[in-house]
Amino acid sequence: MAVAEEALKVCETLEKILKGTFGPNGHDVMLNSSSGEILITNNGALILRSLNLENPIGRTIVNKIVSFSSISGDGATSFVLLLSSILREAVSITGMRDNFDPTETLSIHRGKTLAALSRAFYKLESSLLEHEVVVSVLNGIAITTDLEAEDSSLIKKRMIRLLITTLNGKFPTSLVSNFVELLYQVVMETWKSSAISLQDALLHVIDEFGQICVEVPGVPISSSHLKPGVIIPRGFSIEQQGVPKTSQEFMFVVMNCSFDFLGPQTSSSIQIKDETSLGLSVEWKRNQVKKVITMFNEHKIKLILSSENVPDFALHFCRQYGIAVVSSIPQEYVRYICKCTGILAINDVGVVNLSELFVGKGVSCDLHTIGHHRFVHLELDLSNCKFSPCSILLCSPAQGLCRQCYIVLHHALKCIKMSFSEDGKKLLFVPGAGACELALSFSLKKISNSVKDSNLSLALEILSSALRAIPRFLHQNSFSMSHPKENFIHCLNEMERSLKDDGLLLGIDSKTGKSVDPQECEIFEPLQGKHLLWQSVLQCTSQLLRTDKLIGVRKIDNGV
């Protein structure tokens with residue numbers, strides 16, 4: 001039983017840290033890490049990752065929350081608020097916080113009560129949540145956008161509104177609009193330039209976001225912009241700063257190997273008897289490299305992109321033939337360029353037959369400078385690409401802030417991912433502003449009265465009560481203190497009456513604390529994201545309640 005109480009203490013500590021950051025009007029938290037790095041953010045997942053918890057229960061809870069957030073893109077703070085509320089109710093029911101000495105009989109009774117609740121929450125998550133709630137409640141309030149039937153303007157409008165809801169409170173309003181437009185353009189350009197579905201295009205952008213979004217610290221954040229093509233965080237290795245623009249495309253190759261292809265594959269020692277033999281060996285190697293560069297020139301190759309360092313004598317021949325070189329490119333960029341163009345990287349220049357499978361086509365390649373940073377900007381021939389690549393240059397005054405912005409934008413894309421239906425043909429949203437949680441809370445309250453299983457009925461009541469924590473903290477973090485009459489109980493009664501009498505689902509305005517129609521204000525959240533949140537919270541609750549003991553195990557030194 002002590003595990004449940006310890007878990008509640010951990011959750012209440014996390015709740016105290018995060019509750020003030022909740023919602024678009026939430027405050028930031030300043031964290032000073034052990035390395036001396038200062039972190040200022042209201043991103044729940046980022047804050048939790050920065051905590052160095054020694055408590056094993058705390059680490060378990062944080063790991064589950066971070067794991068959920070890495071899939072859904074958002075909801076870490078909501079997870080903490082819901083879990084705290086559920087555990088608080090469960091511990092209160094068992095009387096574990098009462099100030100009297102527990103007897104053995106009472107302790108056994110409490111253990112059985114927690115175990116019964118654990119089974120009830122498991123049943124709720126595994127069966128009742130799926131059938132009774134998702135079908136009857138979520139699908140009843142869902143806003144559906146058919147990707148095949150609807151026009152592109154409605155798809156754009158709904159996606160942009162979801163991104164705005166996700167990013168509100170993370171950046172100033174002017175920056176939110178800029179970042180939303182950048183993310184939308186990246187996804188739509190990838191989709192429209194390929195034969196894949198919108199869902200697959202989005203998944204591609206999420207998977208390759210490390211190469212699509214290039215961090216540029218030391219530059220004002222308002223300078224962030226979109227560039228067509230691929231931005232490579234390297235400079236040119238020779239004086240020729242790019243490929244001269246012409247009316248026709250140019251050819252390039254991607255090398256995933258070194259020009260020292262004739263050396264042994266394992267560590268070896270070579271003994272050269274005299275200086276003449278050394279000279280002949282070096283000359284022979286130069287001739288072999290020249291043969292490869294000459295072959296590139298014969299195939300009209302104008303650009304070499306290499307993941308390895310290119311030796312000086314290879315650069316010398318490239319200068320002679322007017323071939324630009326970019327060396328030491330990170331492996332992930334090599335893979336990304338090959339994926340965009342559909343070509344193969346050269347893994348062994350000694351045996352390669354330079355067919356069209358190894359040759360890509362570009363329209364321009366030059367040096368792009370922003371602030372004191374220099375990048376290689378490669379624009380590809382789109383007629384030979386699987387999709388049109390484009391890059392976000394993400395600017396920020398400091399490296400740490402740049403990394404935080406990157407994480408927030410990446411998570412925003414994951415929120416869009418969670419709005420797709422299982423077949424990927426529809427976008428499914430639910431009203432935000434706490435309205436969805438209230439609709440579920442009211443529904444669970446009704447269902448609990450008709451359930452014969454007393455433990456399951458109790459679990460339904462606990463979850464119904466816990467769900468109201470979401471709109472309550474939205475109200476608490478608003479400017480509602482300037483409107484004493486507009487307290488949360490008043491708003492809750494008004495929203496319940498509106499849903500019962502008029503069928504109108506209301507939420508909480510995060511700025512005023514008053515009730516508001518989220519559909520009219522276009523405050524949307526992903527349906528699958530909500531469902532995953534509730535499932536994950538119930539799974540975590542069930543596991544914590546059925547854990548009876550915490551045993552510490554340490555390694556014993558044999559010499560002791």
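Reply: In this predicted model, the second largest pocket is lined by 18 residues. Those that lie nearest its centre are Ala-439, Phe-442, Lys-446, Leu-499 and Lys-500. Two or more lining residues come from each of helix H5 (104-141), helix H14 (435-450) and helix H17 (488-501). H14 gives the most to the lining, with six residues. Sorted by class, the lining holds nine nonpolar, four polar and five charged residues. The volume of this pocket is about 370 Å³.

Two further helices can be described as a pair. The axes of helix H15 (residues 454-467) and helix H16 (residues 469-476) come within 5 Å and cross at roughly 20 degrees. Angles under 35 degrees count as roughly parallel, so H15 is roughly parallel to H16. Ser-465, Ala-466 and Leu-467 make the contact from H15, and Ala-469, Ile-470 and Pro-471 make it from H16. Five of the residues in this contact are nonpolar, one is polar and none is charged.

As for strands, an open sheet of three has the order S4-S13-S5, with mixed pairing. Strand S4 (213-217) and strand S5 (225-228) are at the edges with a single partner strand each, so one side of each has no neighbour in the sheet. From one strand to the next, the twist averages 25 degrees. S4 pairs with strand S13 (residues 390-396) in the parallel sense over five bridges; Val-214 has Leu-393 in S13 as its bridge partner. Helix H13 (residues 399-417) packs on the sheet and touches S4 and S13. The direction of H13 makes about 155 degrees with that of S4.

Conventions: Residues numbered from 1 in each chain as written. Predicted model: local features only at pLDDT ≥ 70, side-chain atom pairs only at ≥ 80, totals over all residues. Heavy atoms only, no water. Axes fitted to C-alpha atoms, helices over the stretch in contact; angles between N-to-C directions. Helix = DSSP H or I, 4+ residues; strand = E, 2+ residues; numbered from the N terminus. Parallel < 35°, antiparallel > 145°, perpendicular 65-115°, else oblique. Contact = heavy atoms within 4.5 Å. Nonpolar A, V, L, I, M, F, W, Y, C, P; charged D, E, K, R; others polar. 1 Å grid on protein atoms, 1.4 Å probe; cavity = no way out; pocket = protein on both sides within 12 Å on 5 of 7 lines; lining within 4 Å. Points joined across faces, edges and corners; volume = space filled by probe spheres on them. Pairing = 2+ DSSP bridges.
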